[in-house]
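Thanks, everyone. I have one structure to go through today, so let me put it on the screen.

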Amino acid sequence: MRTSRTGCLPVNAVLPCAGTIAQQTAETARAIGAGVGVTTACVVGGVDYGRQRDAVMRTRAQLMVATPGRLLSLCGETPASSRARQAAGAKPPDTEGEDPACSLAGVALLVLDEADRLLEMGFEEDLAAIRRLSVTAEAPHPSGKPAAPWTLMFSATWTARTAKLAKAMLAPGA
């Protein structure tokens, strides 16, 4: 298990479109992973941030199942949805200035579950930020450029917008 002073360094990340799907996925992953020593964390919006942050720091999971906005918050980034609320006059979250609880620098496998729904729900900017945070220089591509994680996208429908996301996220050097 890899750890750092920033906390959790997951090797794999699964990004579903909703908290309930994230919780179901994490429950199954915990059951499967228990037999082989893989730890799983689940973080979603709408649940107490402090408790989730503490749990992530404590478990230092190898598999992170998370909604995009909450994952970015734990990585010390401000999700697009939070920026939009702040622009509309909402106060910034209490997480401003905190050290990140999680780093995505070593993510080798990134799974976008229901990629079409993630786009419909407005997560495109957050997905780009997660992709940017997961590119690592630790294990560079043979070309010498930083390596991006393997990205798997699952979708019930394949719209032009989903295809555009796939092209952006799956392109070499993206």
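Predicted model: local features only at pLDDT ≥ 70, side-chain atom pairs only at ≥ 80, totals over all residues.

The chain has a mean pLDDT of 83, and 83% of its residues reach 70 or more. Residues 1–5 fall below 50, and beyond near neighbours in sequence that stretch has 13 contacts in the model.

Next, the layout. There are seven helices and seven strands. Reading from the N terminus, the order is β-β-β-α-β-α-β-α-α-β-α-α-β-α. Of the contacts between residues at least 6 apart in sequence, 70% join residues at least 24 apart. The chain has 174 residues, and 41% of them are buried. The exposed surface comes to about 9,200 Å², with 57% of it supplied by carbon and sulfur atoms.

Now the interior. In soluble globular proteins, nonpolar side chains tend to be buried together. Here, the largest nonpolar core has 33 residues. Which of its residues touch the most other members? They are Val56, Met64, Leu71, Cys102 and Leu112. Helix α6, residues 124–134, gives the most to this core, with four residues. There is also a second, separate core of nine residues, and among them are Val14, Ala22, Leu63 and Val111.

Going back to Val56, leaving out residues up to four places away in sequence, its contacts are Cys8, Ala41, Val43, Met64, Leu74, Ala101 and Cys102.

Two of those, Ala41 and Val43, bring us to strand β4, which spans residues 40–43. Ala41 and Val43 sit on one side of β4, Thr40 and Cys42 on the other, and all four are buried, so both faces of the strand are covered. Strand β4 pairs with strand β5, residues 63–66, in the parallel sense over four bridges. In that pairing, Thr40 has Leu63 of β5 as its bridge partner. Leu63 is also one of the residues in the second core.

Last item: Ser103. Where is Ser103 placed? It is in the loop between α4, residues 80–87, and β6, residues 109–112. Is Ser103 buried or exposed? Its relative accessible area is 18%, and the cut-off for buried is under 20%, so Ser103 counts as buried. A polar atom of the Ser103 side chain lies 3.2 Å from the backbone nitrogen of Ala105.

Methods. Residues numbered from 1 in each chain as written. Heavy atoms only, no water. Helix = DSSP H or I, 4+ residues; strand = E, 2+ residues; numbered from the N terminus. Buried < 20%, exposed > 50% of the residue type's maximum accessible area, 1.4 Å probe, protein only. Contact = heavy atoms within 4.5 Å. Areas by Shrake-Rupley, 256 points an atom, 1.4 Å probe, with all protein chains shown as cover. Core = buried A, V, L, I, M, F, W, Y, C linked by side-chain atoms within 4.5 Å. Polar contact = N/O pair within 3.5 Å; in protein donor to acceptor, adjacent residues only side chain to side chain. pLDDT = per-residue confidence, 0-100. Pairing = 2+ DSSP bridges.
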